[in-house]
Amino acid sequence: MTQMPVSIEPIAVPDSLDAPGAEDFVAVAELLNAQLREFWGNDDFYGPPQAQLAGRRSTETRRREMLAARAGTEPGGTIVGVALVNLPLTDNLHTGYVNVVVAPSARRQGVGTQLYAAAEELAVSHNRRMLMAETEHLLPGGSVQPESGTESRIPQDAAAAFAAGLGFRLELVDRISRLELGSAAAGIAVLQQAEAAAGAGYELEFWSGACPEDLVEAYAQLRQKMSTDAPMGGLDLAEEAWDEARVREAEGLARDMDAEVLVSAARHVATGELAGHTVLEVFRNNPAVVYQDDTLVLEGHRGNRLGMLLKAANLVRLREVVPEALRVYTWNAEENRYMLSINEQLGFRAIGYSGEWQRELSAG
Ligand SMILES: CC(C)(COP(=O)(O)OP(=O)(O)OC[C@H]1O[C@@H](n2cnc3c(N)ncnc32)[C@H](O)[C@@H]1OP(=O)(O)O)[C@@H](O)C(=O)NCCC(=O)NCCS
């Protein structure tokens, strides 16, 4: 293999896109966008540099770093690859997330390996010992029947071969599904069935943007539970720490990224407690595309069709609030049968898989 000589340097997030040095940030943002376009075959995941400005900044709960590989050893060479490093700051202090992207013209010349080595060094300097990475794989031809066996769903393509070659182990497989929103009538029929099944014991609360003050503590508890209750396979992850400040931080980040976040939560009428929630996210720059984020029903409230009720109700509301929305993407652990079954009933179809990989550094 020919090795491309590169120099690797950190890229700072500038204050604005006009600030000195912002060209490097924009080059990285566009390299990431080009890879998303190459992978998805469309611009559904395009992140305008302005939105990436907010999304790539460190916060109280996450340290975010970018390392760029420049062609050649002279200063100012073209940026041909990037490693994004994400370090949790309030929990899971042993972990770090790494994402390496190399421009197509520079691939297979050792650039990815050099970027990964620099990312690992950075993570070690922050005392991390467990690195995690995600790979994504689209199914040819769109929707298919899920196969059996987890490993078989992740093909040995460039991303998987790269991760495995670096010593990462596949720990969890998520199904990537998409819902074409189609007619509102279909959504309302599903919602009515779920309402009838859930009965009168629960009331739905909706908000967009900021969680109402009187619910925020309960909502933080739900967000925290989400970090332990969704299947995690062999990933070495501990419970996240959520409080009101973290909820407000996440809301502020969404605002800065020009995203609308629609939350629906179920209140148990007899006790007043929040029993579950679900979250949809839409970026204003591309309202055709929606992300289905968290969905959780607390253990004592499961089996009452609340998962379906929450999701169906939030989708009906989405159609009203964002009529331009056309499709919804979601990621669910392949072993999460209950969630997958709800999604299938709502009309989601599998379009691919993502692999969650982990590497323990001390194990070499
Ligand atoms: C995955 C990716 C980062 C690899 O970058 P790269 O600079 O080409 O990687 P390297 O040249 O350092 O390759 C290292 C090893 O990975 C494996 N690999 C990389 N690309 C491969 C391919 N197309 N097919 C099979 N193995 C491949 C090989 O084992 C390779 O070693 P070798 O060339 O000596 O056989 C690049 O293909 C890319 O940007 N893909 C899109 C984004 C992505 O999937 N990122 C991975 C997130 S973990």
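Biologist: How should I read the values?

Modeller: This is a predicted model, where local features need pLDDT of at least 70 and side-chain atom pairs count only at pLDDT 80 or more, while totals for chains, interfaces and linings use all residues. Residues are numbered from 1 along each chain as its sequence is written, and side-chain values use heavy atoms, with hydrogens and water left out.

Biologist: Which residues of α6 are buried, and what covers them?

Modeller: The buried ones are Val216, Tyr219, Ala220, Leu222, Arg223, Gln224, Met226 and Ser227. Buried means under 20% relative accessible area, exposed over 50%, and partly exposed in between (1.4 Å probe, protein chains only). The cover includes strands β7 (202–208), β8 (259–268), β9 (274–283) and β10 (289–297), together with helix α7 (244–256); contact here means heavy atoms within 4.5 Å.

Biologist: Which domains does the assignment give?

Modeller: Domain 1 takes residues 6–177 + 358–363, and domain 2 takes 182–325. These bounds come from an automatic or database domain assignment. Taken over C-alpha atoms, the two centres are 28 Å apart. The contact uses 25 residues of domain 1 and 20 residues of domain 2.

Biologist: How much area do domain 1 and domain 2 bury between them?

Modeller: About 1,700 Å², with 53% of it on carbon and sulfur atoms. Buried area is the accessible area (1.4 Å probe) that two parts lose on being put together, summed over both, so the value covers both domains.

Biologist: Why is the pair of arginine 129 and aspartate 236 called a salt bridge?

Modeller: A salt bridge is a side-chain nitrogen of Lys or Arg within 4 Å of a carboxyl oxygen of Asp or Glu. The closest N and O atoms of arginine 129 and aspartate 236 are 3.6 Å apart, so the pair passes the rule. Across the interface of the two domains the rule finds two salt bridges.

Biologist: Which salt bridge does glutamate 334 make, and what makes glutamate 334 count as buried or exposed?

Modeller: Glutamate 334 meets arginine 175 at 3.0 Å, N to O. The pair links distant parts of the chain, 159 residues apart: glutamate 334 is in the loop between β11 (327–333) and α9 (337–346), and arginine 175 is in strand β6. Glutamate 334 has a relative accessible area of 5%, and therefore counts as buried. Arginine 175, at 3%, is buried too.

Biologist: How close is arginine 175 to glutamate 344, and is glutamate 344 buried or partly exposed?

Modeller: Their side chains form a salt bridge at 2.9 Å, N to O. Glutamate 344 is partly exposed, because its relative accessible area of 35% lies between the two cut-offs.

Biologist: What about arginine 178 and glutamate 180?

Modeller: They form a salt bridge too, with the closest N and O atoms 3.2 Å apart. Arginine 178 (24%) is partly exposed, and glutamate 180 (48%) is partly exposed. Elsewhere, salt bridges that share partners join Arg175, Glu334, Arg337 and Glu344 into one network.

Biologist: How do you know that arginine 359 and glutamate 120 are in polar contact?

Modeller: A polar contact is a pair of N or O atoms within 3.5 Å; within protein, one must be able to donate a hydrogen and the other to accept it, and residues adjacent in sequence count only if both atoms are side-chain atoms. The side chains of arginine 359 and glutamate 120 are joined at 2.6 Å, so the distance is within the limit. Arginine 359 sits in strand β12 (residues 349–360) and is buried at 11%.

Biologist: Is asparagine 92 buried or exposed, and what of asparagine 127?

Modeller: Asparagine 92 is buried at 8%, whereas asparagine 127 is exposed at 65%. Neither is a glycine, yet phi is positive, about 50° for asparagine 92 and about 60° for asparagine 127.

Methods: Helix = DSSP H or I, 4+ residues; strand = E, 2+ residues; numbered from the N terminus.
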